[in-house]
Amino acid sequence: MSEIQPVFLPERQRFALDDNGKIIGAAHYRDFDGAEGTERIFFHTTVDEDYAGQGLASVLVKFALQNTIASGAKIVAVCPYVKGYVAKHSEYDQHLVKPIRAHLEILPRG
């Protein structure tokens, strides 16, 4: 049986789910220099279809958000999944920054 682990891949600007060396999901982000420090913009989260329905997106996003907070960065939830996750978990409220135009302008297009 495989052991799926969340991992941080800063060189690729993402957090990922690793299934014995195979990346099966990712939470993509970009860091933004905000007025009070780093603001991490989460803009896209995916899990391979073959792994759907196992709660893995939740595991990934929780890991990503906890890592972000531990690093001292704020959370900017643009991704619909991340927005929904933080809406259900009030413990993240004090770490959230509302998205602004400047956040959206640095995100990849397409």
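How many salt bridges does the count come to? In this predicted model, the count comes to 1 salt bridge.

1. The salt bridge. Arg40 pairs with Asp31, and their closest N and O atoms lie 2.7 Å apart. Side chains of opposite charge can pair when their charged atoms come close. Arg40 has a relative accessibility of 6% and therefore counts as buried, the limit being under 20%. Asp31, with a relative accessible area of 37%, is partly exposed.

2. The sheet. An open sheet is formed by 5 strands, arranged in the order E1-E2-E3-E4-E5 with mixed pairing. The edges are taken by strand E1 (4-9) and strand E5 (74-77); each has a single partner strand, so one side of each is left without a neighbour in the sheet. From one strand to the next, the twist averages 30 degrees.

3. Strands E2 and E3. Strand E2 (residues 14-19) and strand E3 (residues 22-34) run antiparallel and are joined by 6 bridges. Within this pairing, Phe15 has Ala27 in E3 as its bridge partner. Strands of a sheet pair through backbone hydrogen bonds, either parallel or antiparallel.

4. The helix over the sheet. Helix H1, made up of residues 56-70, lies across E1, E2, E3, E4 and E5. Relative to strand E4 (37-47), helix H1 runs at about 170 degrees.

5. Glu39. This residue belongs to strand E4. Glu39 is buried but has no salt bridge, and the nearest side chain of opposite charge, that of Lys74, is 8.4 Å away. What joins the side chain of Glu39 to that of His103? The two side chains make a polar contact of 2.6 Å. Beyond its neighbours within four places in sequence, Glu39 is in contact with Arg30, Asp31, Phe32, Gly34, Lys74, Val76, Val97 and His103. Asp31, listed among these contacts, is also the salt-bridge partner of Arg40.

6. Arg14. Strand E2 holds Arg14, which is likewise buried without a salt bridge. For Arg14, the nearest side chain of opposite charge is Glu11, at 8.3 Å; a salt bridge would require a side-chain nitrogen within 4 Å of a carboxyl oxygen. The Arg14 side chain instead reaches the backbone oxygen of Arg12 at 3.3 Å. With neighbours within four places in sequence set aside, the contacts of Arg14 are Phe8, Leu9, Ala26, Ala27, His28 and Tyr29. One of these, Ala27, is the bridge partner of Phe15.

Methods:
Residues numbered from 1 in each chain as written. Predicted model: local features only at pLDDT ≥ 70, side-chain atom pairs only at ≥ 80, totals over all residues. Heavy atoms only, no water. Pairing = 2+ DSSP bridges. Helix = DSSP H or I, 4+ residues; strand = E, 2+ residues; numbered from the N terminus. Axes fitted to C-alpha atoms, helices over the stretch in contact; angles between N-to-C directions. Contact = heavy atoms within 4.5 Å. Buried < 20%, exposed > 50% of the residue type's maximum accessible area, 1.4 Å probe, protein only. Lys, Arg positive; Asp, Glu negative; His and termini not counted. Polar contact = N/O pair within 3.5 Å; in protein donor to acceptor, adjacent residues only side chain to side chain.
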